[in-house]
Amino acid sequence: MLKLYNTMERKKEVFRPINEGAVAIYACGPTVYNMPHIGNYRSFLMTDNLRRVLEYLGYKVNLVMNLTDIDDKTIRDSKKAGMSLKGFTEKYTKEFFRGLDMLNIKRASSYPKATGNVKDMISLTKKLVDKGMAYEKGGSVYFRISSFKDYGRLSKIDLGKIKIGASVDVDEYEKDNPQDFALLKSSSEDEIERGIYYESPWGNVRPGWHIECSAMAMNAFGPTLDIHTGGVDLIFPHHENEIAQSVGATGKTFVKYWVHGEHLIVGGEKMSKSKGNYFTLPEVVEKYGGDVVRYMFISSHYRKQLDYTDAFAQNAKNNYQKLKETLENLRFALKEKDSKSYPKDKETLKALSKIRKKFRDALSNDLDNPEAIKAFHELVHLANKYLRAGKNSSVLKKMHALYREFADVLGLFSKVKDEKIPENILNLAEERELARKKKDWQKSDELREIIRESGYIIQDSHDGPKIKIV
Ligand SMILES: [Zn+2]
């Protein structure tokens, strides 16, 4: 039974999808106007984490993530760069996908672009105008927040602060100043010159950011979806406004579960370019490697702030290394055929199923990654102990399978399986081990050299020899 913290209710709730066994998720995607920073990727990773856990628990997941390729920021910065809006946003869309691959984030079912869905945004706006929930002013169309009685329920804003009739043109504004927000914005002369406009009943317009997500989410899933994700910074005004637009137009519940990921801070402070504590993903991946960064980001609970520091990263790297070494030990031990039973076999199998339950229970409890990772390290501890005591191959196989199961859910070590050690190298290693046992050091050294020339090194440890790729 999966429990998720629903921001709307401010508590954990049992997750029950609309259609049994299937889950519809809409995730707010990137605004493709710069290199996303590591905080953005923590948020995308949270959605990937949720998706993998849902799949692990047996659900079929349909995840849609939008690309905001038209809004205040993309228009402003493409002009600064002297590029067309399309050329500019395509460049950063590529960067965005490159980052997903660095972190082994699974692709969504689709990535609709805002510019590809403007027709739906205009018709959604028309519906709201027809219902008296939106109005035109100076060629732009605004949502009348006083017409939506549930406005503020998600973000818990003080409704007393709403100024009737006051409107705001920018997409981002403060929580203590809720106003009628723009659904469609009248295109400026400059925008028209650059081809950034769409014909509408109210003249040449371009969409505001908030209407984009309502239109694309309902386009993908109909009026109601199971889960909507995003960073906590999107709760107000973006998600509050999405609810107002969607429920305002359809009269139906828009989202059953709102799941929000907390911020990533750096050295205790909000990331900012002026403070010099601003990091893009490629910078951090270059330093630690994609898999370690993924491990680091998912090792904190998604509803807790993550404070990125060198010490935190180094600690994550060490813990990650422990997991990885054990995977290598297990893979190596599996090559040795030994089906004798050992006195600890039964006990070990029992411990394995206990650890598996712990892992599943942790993830089912609002994605408690820290607890799940603890269970993973318990498995590692058990595996290393067993590798020293006995090596029954069927027990080892089960152990290895469980290790893989955990790693897949967490999205780790996906590349390790490609590093297959060829048969001839394994045979040479075995031959060398025999020579060593016979104390034929010369032969053993010769064989080690041959293996090294093929790109592998043998390391002798108290658990026996291990082969590693150079
Ligand atoms: Zn959005």
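Author: Two residues count as being in contact when their C-beta atoms, placed from the backbone, lie within 7 Å. The model we read here is a predicted one.

Reader: With that cut-off in hand, which residues is leucine 183 in contact with, leaving aside its neighbours within four places in sequence?

Author: Beyond those sequence neighbours, leucine 183 is in contact with Thr125, Leu128, Ala134, Val141, Tyr142, Phe143, Gly208, Ile211 and Gln245. Leucine 183 is also among the residues with the most contacts inside the largest nonpolar core, which has 116 residues, and Phe143, Phe376, Leu379 and Met399 are named with it there.

Reader: From which domains does this core draw at least three residues each?

Author: The core draws at least three residues from each of domain 1 (3-261) and domain 2 (310-408). The chain as divided also has a domain 3 (423-469), and the C-alpha centres of domain 1 and domain 3 lie 58 Å apart.

Reader: Is tyrosine 403 buried or exposed?

Author: Tyrosine 403, which is found in helix α13 (residues 393-410), is buried, because 21 other C-beta atoms lie within 10 Å, and the cut-off for a buried residue is 20 or more. Leaving aside neighbours within four places in sequence, tyrosine 403 is in contact with Leu327, Leu330 and Leu379. Leucine 323 lies 80 residues from tyrosine 403 in sequence, while their C-alpha atoms are 9.2 Å apart in space.

Reader: How should I read the strands, and what is the order of the open sheet of four strands?

Author: Strands of a sheet pair through backbone hydrogen bonds, and they do so either parallel or antiparallel. The open sheet here has the order β4-β3-β11-β12, with parallel pairing. β4 (60-65) and β12 (255-261) stand at the edges with a single partner strand each, so one side of each has no neighbour in the sheet. On average, and with direction ignored, neighbouring strands of this sheet are turned by 25° against each other. Strand β3 (residues 22-27) is joined to β4 by six bridges, and alanine 22 stands opposite lysine 60 in β4. Helix α6 (residues 209-221) packs on the sheet, where it touches β3, β4 and β11 (225-231), and its direction makes about 160° with that of β3.

Reader: In which sense do strand β9 and β10 pair, and over how many bridges?

Author: Strand β9 (residues 198-200) and β10 pair in the antiparallel sense over three bridges, and they form a hairpin with two residues between them. Within this pairing, glutamate 199 has asparagine 204 in β10 as its bridge partner. Strand β10 (residues 203-207) is also joined by three bridges to strand β8 (residues 180-186), again running antiparallel, and there serine 186 has valine 205 as its bridge partner.

Conventions:
Residues are numbered from 1 along each chain as its sequence is written. This is a predicted model: local features need pLDDT of at least 70, side-chain atom pairs count only at pLDDT 80 or more; totals for chains, interfaces and linings use all residues. A residue is buried if 20 or more other C-beta atoms lie within 10 Å of its own, exposed if 12 or fewer, and partly exposed in between; C-beta atoms are placed from the backbone. Domain bounds come from an automatic or database domain assignment. A nonpolar core is a set of buried Ala, Val, Leu, Ile, Met, Phe, Trp, Tyr and Cys residues joined through C-beta atoms within 7 Å. Two strands pair if DSSP finds at least two bridges between them. Axes are lines fitted to C-alpha atoms, for helices over the stretch in contact, and angles run from 0 to 180 degrees between N-to-C directions.
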